[in-house]
Amino acid sequence: MLTMRKIHSQEISTSLNEKRGILENQLRERYQGMKRTDFLQVPEIAAYSTYYRRFKKTYHLLLQLESVSQKDKSIPTVVPLVQAMFMAELNSLLLTAGHDLDQIHGSIELDSASGEEIYTLLRGEKVTCKSGDMVTADSEDVFCSVIYGQDQRTRITQSTRNVLYVVYVPNGIPAKVIENHLSDLEENVRLITPQAETEFRNIYFAKPADPTSN
């Protein structure tokens, strides 16, 4: 989890776009000639694929990586704070969600879904969380799950000045990889606003299941 404040503006960042071009070339060199079966051997993708398979889904970041590295598609130039996140995701392959911190109320809870939680997606559709999926919630509601993604209420917009990024990591990925990802994400945000301040940064580990519970 990473929170950053004092993003003064979200105008098009020349520095961020220059780094985007460099990253696109690096991804094409790094994964040149790879097929789907090859991608599935990459440790990070393998870990996420195992997690997604429980829900009969394909890791969606793999599809985006294939699009950029194999089909010469560009990383989308969207709202800069979202673009910064996309770039860090494709570089590390770690699933990340971004939220407007000022739209989050009360304390933040990281949990495993019961399968009864309902929230509204970015596109306005209501979904019920998958039982056992990783979710994040505040005092109002769930605002993100791994399988369905981010909500509408806390979405990043051009007016976002304080941001929360949550990285969802399954078993099998070292903490050092997560730390490097967070550092890359911080760097990307500072290419938008050099004076941006990191308020909070931490890695949380799931508690082991209680073998005595039902």
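**Close-up views of a predicted model**

Figure 1. By class, 20 nonpolar, six polar and four charged residues form the lining of the largest pocket. The volume of this pocket is about 990 Å³. Of its 30 lining residues, Met 134, Val 169, Tyr 204, Phe 205 and Ala 206 lie nearest the centre. At least two lining residues come from each of α3 (43–53), β3 (109–112), β6 (134–137), β9 and α6.

**Figure 2. Lining of the second largest pocket.** This pocket has a volume of about 490 Å³ and is lined by 23 residues, with Met 85, Phe 86, Leu 122, Gly 149 and Gln 150 nearest its centre. Two or more lining residues are given by each of α4, α5, β2, β7 (142–145) and β8 (149–150). The lining comprises 13 nonpolar, seven polar and three charged residues.

**Figure 3. Helix α6 (residues 175–192) and its packing partners.** Among the buried residues of α6 are Ile 178, His 181, Leu 182, Leu 185, Val 189 and Ile 192. The buried residues of this helix pack against β1 (2–5), α1 (14–30), α5 (80–92), β2 (95–100), β9 (163–168) and β10 (197–201).

Figure 4. Ser 69 counts as buried because its relative accessibility is 6%, where buried means under 20%. Its side chain reaches the backbone oxygen of Leu 65 at 2.7 Å, and a polar contact of 3.3 Å joins the side chains of Ser 69 and Gln 70. Beyond residues up to four places away in sequence, Ser 69 touches Leu 27, Arg 28, Tyr 31 and Phe 39.

Note on methods: Residues numbered from 1 in each chain as written. Predicted model: local features only at pLDDT ≥ 70, side-chain atom pairs only at ≥ 80, totals over all residues. Heavy atoms only, no water. Helix = DSSP H or I, 4+ residues; strand = E, 2+ residues; numbered from the N terminus. Expected span 1.5 Å × (residues − 1). Buried < 20%, exposed > 50% of the residue type's maximum accessible area, 1.4 Å probe, protein only. Contact = heavy atoms within 4.5 Å. Polar contact = N/O pair within 3.5 Å; in protein donor to acceptor, adjacent residues only side chain to side chain. 1 Å grid on protein atoms, 1.4 Å probe; cavity = no way out; pocket = protein on both sides within 12 Å on 5 of 7 lines; lining within 4 Å. Points joined across faces, edges and corners; volume = space filled by probe spheres on them. Nonpolar A, V, L, I, M, F, W, Y, C, P; charged D, E, K, R; others polar.
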